[in-house]
Amino acid sequence: MISFPIVVPVKTFGLAKQRLSGILEPSERAALARSMLLDVLNIVASATLPSNVIVVTSSPEASDIAKSAGMRVLHEAACSDLNSAIEAASRHMIVQNAGGFLMLPADVPEITIAAIHQAFAALDQSRSLVLAPAISDGGTNLLACRPPHAIRPEFGTMSFARHLAAGERAGLACHVLNSPELGRDIDSPDDLARFLDRRTSTLTDRLLRNLGRDLERDLGRDLGVAARCVPSGPAMADETRFVSGGNLKRGAT
């Protein structure tokens, strides 16, 4: 199976998930972004060599997490939007003579090893594009491109259709990966509520249930918790195990 670098763009945790500001405090949104990143990186590290993963970020904390796991970091001078981060990664791939790359966002905590393998398997032609649509807003939750500069990234609402059209115009062999787990990101309160309804065995699920009664009230959900406990430090115990090289236990992939 062909394997190209996996790129994971990461915002500074304190700036992430602004659409959840009505139900989560800044420290809680930062903890949520951190947990989702760890869930994504944990699966990615099981699907490929850690040295094959590139985290694009201006966040020192995200950089430290990636480096501690043996992953590469492409530093941004300042926090940029997703499209700028992907364009920077694409230029890096060209300089490194990489034949292609696979991009995953940092907010798809239900990503599976199988989905990553399916995406790589679809990149079996020299000019090909693999896309996974976001279920909630028509965005793009995976973009794998060969060669890396074949199309320009246009991430955002309804970007899946734009990326698919761009791939067809460029004459690429286009493949759509309809993975429910990959299609579910967490951007809005509704996304968060539906995520909790599924009761996944992820760090993200555990964190959210530890947020307690205030979140239950805001979401109208019984989370099965009794106390409010938000991690305030830079790393939880599970995160420490991850960055030291150990794989966290997850559900079936």
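Glu110 is buried in this predicted model, at 7% relative accessibility, where buried stands for under 20% relative accessible area, exposed for over 50% and partly exposed for values in between (1.4 Å probe, protein chains only). Residues are numbered from 1 along each chain as its sequence is written. Because the model is predicted, local features need pLDDT of at least 70 and side-chain atom pairs count only at pLDDT 80 or more, while totals for chains, interfaces and linings use all residues; side-chain values use heavy atoms, with hydrogens and water left out.

Glu110 forms a salt bridge with Arg184, and the closest N and O atoms are 3.1 Å apart. A salt bridge is counted when a side-chain nitrogen of Lys or Arg lies within 4 Å of a carboxyl oxygen of Asp or Glu. The two partners come from distant parts of the chain, 74 residues apart: Glu110 belongs to the loop between strand S4 (101-103) and helix H4 (113-122), and Arg184 to the loop between H6 and H7. Helices (H or I, at least four residues) and strands (E, at least two) are DSSP runs, numbered from the N terminus.

Nine salt bridges are found in a search of the whole structure. Side chains of opposite charge can pair when their charged atoms come close. One of these pairs consists of Asp187 and Lys17, with an N to O distance of 2.6 Å. This pair also links distant parts of the chain, 170 residues apart, with Asp187 in the loop between helix H6 (180-183) and H7 and Lys17 in the loop between strand S1 (6-10) and H1. Asp187 is buried, because its relative accessible area is 17%, and Lys17 is likewise buried, with a value of 13%. Through salt bridges that share partners, Lys17, Asp107 and Asp187 are joined into one network.

A further salt bridge connects the side chains of Arg152 and Glu87 (3.1 Å, N to O). Arg152 sits in the loop between strand S6 (140-146) and helix H5 (159-169) and Glu87 in helix H3 (residues 82-95), so the pair ties together parts that are 65 residues apart in sequence. Arg152 is exposed, at 60% relative accessibility, whereas Glu87 is partly exposed, with a relative accessible area of 23%.

The largest pocket holds about 810 Å³ of space. Rolling a probe the size of a water molecule over the atoms shows where empty space is left. On a 1 Å grid over the protein atoms alone, a pocket is an open set of points where a 1.4 Å probe fits, with protein on both sides within 12 Å along at least five of seven lines, and lining residues have an atom within 4 Å of a point. The lining comprises 34 residues, and those nearest the centre of the pocket are Lys11, Lys17, Leu82, Asp107 and Asp187. Two or more lining residues are given by each of S1, H1, H3 and S6. By class, 16 of the lining residues are nonpolar, nine polar and nine charged.

Helix H1 (residues 26-47) has 22 residues and reaches 32 Å from its first C-alpha to its last, close to the expected 32 Å; the expected span is 1.5 Å times one less than the number of residues. Of the 22 residues of H1, 19 are buried, so the helix is largely enclosed by the rest of the structure. Glu28 lies in H1 and is buried, at 4% relative accessibility. The side chain of Glu28 reaches the backbone nitrogen of Glu25 at 2.7 Å.

Several backbone features fall in loops. The peptide bond from Arg146 to Pro147 is cis, with omega near 5 degrees, and Pro147 is placed in the loop between S6 and H5. Met158 is in the loop between S6 and H5 and has phi near 65 degrees, a positive value in a residue other than glycine. At 46% relative accessibility, Met158 is partly exposed. Arg199 also has a positive phi, near 50 degrees, and is found in the loop between H7 and helix H8 (203-209). Arg199 is exposed, with a relative accessible area of 51%.

Leu192 belongs to helix H7 (residues 189-198) and is buried, with a relative accessible area of 0%. The C-alpha atoms of Leu192 and Asp205 are 9.5 Å apart, and 13 residues separate the two along the chain.

Key. Polar contact = N/O pair within 3.5 Å; in protein donor to acceptor, adjacent residues only side chain to side chain. Points joined across faces, edges and corners; volume = space filled by probe spheres on them. Nonpolar A, V, L, I, M, F, W, Y, C, P; charged D, E, K, R; others polar.
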